[in-house]
Amino acid sequence: MKLDGATALVTGTNRGIGHHFAVELLRRGAKVYATARRPELVNVPGAEVVRLDITDQSSVDAIAALAGDVDLLINNAADTAGGNLVTGDMDGIRSTLDSNYYGTLAMIRAFAPILARNGGGAILNVLSAVAWTPVEGNTAYAAAKSAQWGLTNGVRIELADQGTQVSALVPGLIGTQTLFDFAERHGIEFADGAVMDPADLVRLALDGLEAGEIEILDAMAVEAKASLAGPPRAFAL
Ligand SMILES: NC(=O)c1ccc[n+]([C@@H]2O[C@H](COP(=O)([O-])OP(=O)(O)OC[C@H]3O[C@@H](n4cnc5c(N)ncnc54)[C@H](OP(=O)(O)O)[C@@H]3O)[C@@H](O)[C@H]2O)c1
């Protein structure tokens with residue numbers, strides 16, 4: 001998909017990877033709807049900033065009514081906390097599944113007809129290597145990302161006839177405050193070079209999208225996916 005002249009909508013742009021997506025899309029010549037639950041925290045000059053909670057159907061309906069010119073949907077927003085499946089708080093587990101799976105799905109269902117009207121376009125779902133290799137301390141998030149991977153593969157088949165490219169971005173460790181806070185809570189020290197800069201990830205993602213790739217993986221995700229051929233294993237941090 002060509003980004004120069006495209007109209008993109010990015011979820012969760014008030015911080016982290018979503019912010020970098022909005023900035024880089026503008027730099028590449030796209031019009032950008034930069035959305036967030038708290039739009040007052042979005043700092044992306046040149047973007048159209050709109051409030052959006054992906055787990056609130058009325059909020060999703062409102063943005064779909066407003067942004068009828070979108071031909072690229074980037075589902076980045078997610079609750080990444082989750083905790084562990086057996087001992088974690090059930091509300092946290094549900095909230096993680098709600099945003100990663102149902103929130104992403106609600107956005108896709110709302111925008112599929114819009115993308116069709118606008119020539120097919122593309123959807124990019126931001127997954128995680130933990131979809132393939134769960135991490136101790138946050139297995140609920142890993143399970144939600146696995147569900148989101150299945151969702152992405154299903155939607156790709158369903159939207160093929162309308163010409164919508166459905167791609168997955170699968171990152172490993174990306175240097176956002178959320179990752180560093182998780183590491184601090186769990187006493188994790190990352191090896192040199194293990195953590196990728198979010199701006200580099202976004203360039204990788206958008207280059208892949210423009211090249212028509214349906215799965216865009218960083219080095220850690222390549223290793224995680226290869227491991228699926230063997231017995232299940234955990235993410236080594
Ligand atoms: N950082 C990593 O190492 C890493 C690795 C692999 C994959 N990922 C994935 O990359 C994406 C972004 O991660 P990140 O590290 O940038 O996370 P982040 O800094 O924690 O940002 C998450 C964003 O999602 C928003 N959000 C959460 N729930 C939402 C909802 N219901 N509606 C709308 N927005 C919502 C947050 O808004 P609020 O500020 O309002 O909470 C925030 O803007 C996620 O899908 C994550 O799973 C990250």
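Predicted model: local features only at pLDDT ≥ 70, side-chain atom pairs only at ≥ 80, totals over all residues.
## Residue classes and the model

Ala, Val, Leu, Ile, Met, Phe, Trp, Tyr, Cys and Pro count as nonpolar here, Asp, Glu, Lys and Arg as charged, and the others, Gly among them, as polar.

Numbering runs from 1 along each chain as its sequence is written, and side-chain values use heavy atoms, with hydrogens and water left out.

## The largest pocket

The largest pocket holds about 1200 Å³ of space. Pockets were found on a 1 Å grid over the protein atoms alone, as open sets of points for a 1.4 Å probe with protein on both sides within 12 Å along at least five of seven lines; lining residues have an atom within 4 Å of a point. Its lining runs to 49 residues, with A78, D79, T80, Y141 and T178 nearest the centre. Among the helices, α5 gives the most, six residues.

## The ligand shell

The ligand sits in that largest pocket, meaning more than half of its atoms lie within 2 Å of the grid points. Around the ligand are 28 residues (a heavy atom within 4 Å), and N14, R37, R38, Y141 and T178 are the closest. By class, the shell has twelve nonpolar, ten polar and six charged residues.

## Contacts and cover

Look for polar contacts (N or O pairs within 3.5 Å) to ligand oxygen atoms: a polar side-chain atom of Y141 is 2.6 Å from one, and one of R15 is 2.8 Å away. I174 uses a backbone N or O atom, at 2.8 Å from a ligand oxygen. The protein covers 95% of the 900 Å² of accessible area the ligand has on its own (Shrake-Rupley, 1.4 Å probe).

Technical notes
Polar contact = N/O pair within 3.5 Å; in protein donor to acceptor, adjacent residues only side chain to side chain. Points joined across faces, edges and corners; volume = space filled by probe spheres on them. Helix = DSSP H or I, 4+ residues; strand = E, 2+ residues; numbered from the N terminus.
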